[in-house]
Amino acid sequence: DAVVYWMRMEDMRICDNRALAAASAQAHSDKIPLVALFVLSPQDYIAHDRSARRVDFALRNLSYLKSRLSDLDIPLHVTVHTPRATLPSYVLSLLKAWNATRLYANIEYEVDELRRDVFVCEISRQEGISAQFVHDKLVVEPNVLHTQAGKPFAVYSPFMRKWLPELNGNIEKYLAEAPSPVANPTSVRAHPTFGNLFETKIPEYIDGFKCTDKEKMLEVWPEGMDAAREMLNRFLHTKSRGSHLGPVNQLDDGAETSSKHSRALAYKENRDRADRDTSSRLSPYLSSGVISARECIRASMELLNLKKVKADRDSGVGMWVQEIAWRDFYTHVMVSFPRVSMGRPFQEKYADVKWETNEEHLEAWKQGRTGVPIVDAAMRQANTMGWMHNRSRMIAAMYLTKDLMLDWRLGERYFMQQFIDGDLASNNGGWQWSASTGTDPQPYFRIFNPYNQSEKADPSGEYIRTFVPELSKVFGPDVHKPPPHLADKLGYPRPLVDHKEARERALRRYKNPGAE
Ligand code: FAD
């Protein structure tokens, strides 16, 4: 007999993991072994445009987890399975082979995954196996918060006005740390079936997802809980040291530990600075569940010695907690309006906006050769780091959709294929917000002027100089908008489009979708 915990790509941790905690408690009370399972499903990764970087990050985390679980005498069995359509029956066959009586997993909210898990529940029940799927990914789970009219929220601010009191009224329910798993008896290692599972190998890479810059990713985004906690502490307790935009793990050598001016406390003033390393850079860890969102919120409370969650717009910590609430919000939107994860606009009236077809422009945007330095710096940051600053994501997304008038779905897909933190709900939410097809209550005429944005996000010009080497020696206003003769001399491209004309085109197209 056994209890099985099925880990997936969004809950790759041991601490504060609700399904793992429940599975462990059950195994302990039934006095049977706990076995952990991870099924790599390449077809799902193709369907979700998972980046090779994120798949590699998952494999690295699996190695880390296998060894930590093994210290608790819990085997982590990692296998690869295709086709994805037969994944439920494959998991069931493993459960039967192991004589498992119970299965535990954390809920994945994407449509395909929800359908798959419902099916897993059904077929498990037929075999007398109880399957339990629990909420874990978010701080407040979907379907709890509703508008006055009992509808799901479609705008962030009113959502937030409910999210915070709901959380503060039920702190224990939403923020309590799930207990760490109890060690299996050592005899599991000698078990004829489970003993061998300690030996299963984790593949170096998955076909079709070979990470070509693994070394760089290892340096910038180390795997495991310890790395995630280091990143969290760095954010809470250390000051941003100016413009260092390189690998995160080298950022703070000797950095002053100062709660007074820490990144967290200065977040309100500094968060939009792409040229300063001011945000937490926890998104890869949160997306893969290497650290829980609950832990982040608890840490924000401990920093200020608070009993209640602070999420106001007047403090650094409050603003940061609001960002974590954005993460909840976009997943809630995806659950309530599943069309957004099927390539449909949230606001259906924009389904017929006329997009340009221009492979050359799309390629120039992807490569960071649009001739607009801030956009190019953003795209080259994505291409080299697998991650982008939030303001850069907004600028790059707005430029693709409003200046180049290219379909937001092309950009959404490219980001997923590059990012180590790719998350369907947050990426889709960010893209649809930028394309004005989403939940932004401002109408379509919110169109960023990329040059003004550049001056605000990168006042020092350091961001552009770091990621666009052609401009590495350009200082002053020219770095934001190099004059044509200078651009030519430095081998930097001229702008693909004129912003003013492009803006007019976007306004026309959005005003009358389908007309032009
Ligand atoms: P911090 O500023 O330290 O914020 C803390 C955490 O809050 C983040 O790690 C993240 O989990 C969450 N968060 C912050 N801002 C947002 C937001 N706007 N929406 C949802 N969650 C947020 N985030 C992803 O995790 N994965 C994505 O694939 C993704 N794609 C995006 C695409 C576009 C076009 C845009 C505009 C935003 C996207 N974001 C995405 C949101 C945001 O840009 C990143 O979460 C953030 O830049 C990560 O950096 P950080 O960890 O230092 O964030």
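Biologist: Which element gives the most to the shell around the ligand?

Modeller: Helix α19 does, with six residues. Keep in mind that this is a predicted model.

Biologist: Which other elements give two or more residues to that shell, and which residues come nearest the ligand?

Modeller: Of the 29 residues around the ligand, S279, S280, N390, N427 and G430 come nearest. Two or more residues each come from α12 (283-287), α14 (316-336), α17 (390-403) and α19 (424-434).

Biologist: What makes up the shell by class, and which domains does the shell draw on?

Modeller: There are ten nonpolar, twelve polar and seven charged residues. Domain 2 (138-180 + 225-336) and domain 3 (348-511) each supply at least three residues.

Biologist: Why is α19 called mostly covered?

Modeller: A residue counts as buried if 20 or more other C-beta atoms lie within 10 Å of its own. Eleven of the eleven residues of α19 are buried. Among them are N427, G430 and W431. The cover includes α14, α17 and α18 (408-418).

Biologist: What follows α19?

Modeller: S436, whose phi is positive, near 60°.

Biologist: How do you know whether T401 is buried or exposed?

Modeller: Count the neighbours. T401 has 26 C-beta neighbours inside 10 Å. The cut-off for buried is 20 or more. T401 therefore counts as buried.

Biologist: Where does T401 lie, and which residues does T401 touch beyond four places away in sequence?

Modeller: T401 lies in helix α17. Its contacts are L406, W408, G411, S434 and A435. S434 is also one of the buried residues of α19.

Biologist: Why is strand β4 said to be largely enclosed?

Modeller: Six of the seven residues of β4 (residues 100-106) are buried, so the rest of the structure largely encloses the strand.

Biologist: How do you know that β4 pairs with β1 and β5?

Modeller: Two strands pair if there are at least two bridges between them. Four bridges join β1 (residues 2-6) to β4, in parallel. Five bridges join β4 to β5 (residues 130-134), also parallel. A2 has A100 in β4 as its bridge partner, and R102 has S130 in β5.

Biologist: What makes up the β-α-β unit with β4, and what is its handedness?

Modeller: β4, helix α5 (residues 111-126) and β5 form the unit, and it is right-handed.

Terms used: Residues numbered from 1 in each chain as written. Predicted model: local features only at pLDDT ≥ 70, side-chain atom pairs only at ≥ 80, totals over all residues. Near = placed C-beta within 6 Å. Nonpolar A, V, L, I, M, F, W, Y, C, P; charged D, E, K, R; others polar. Domains from an automatic or database assignment. Buried ≥ 20, exposed ≤ 12 C-beta atoms within 10 Å, placed from the backbone. Contact = placed C-beta atoms within 7 Å. Right-handed = clockwise from strand over helix to strand, strands pointing away.
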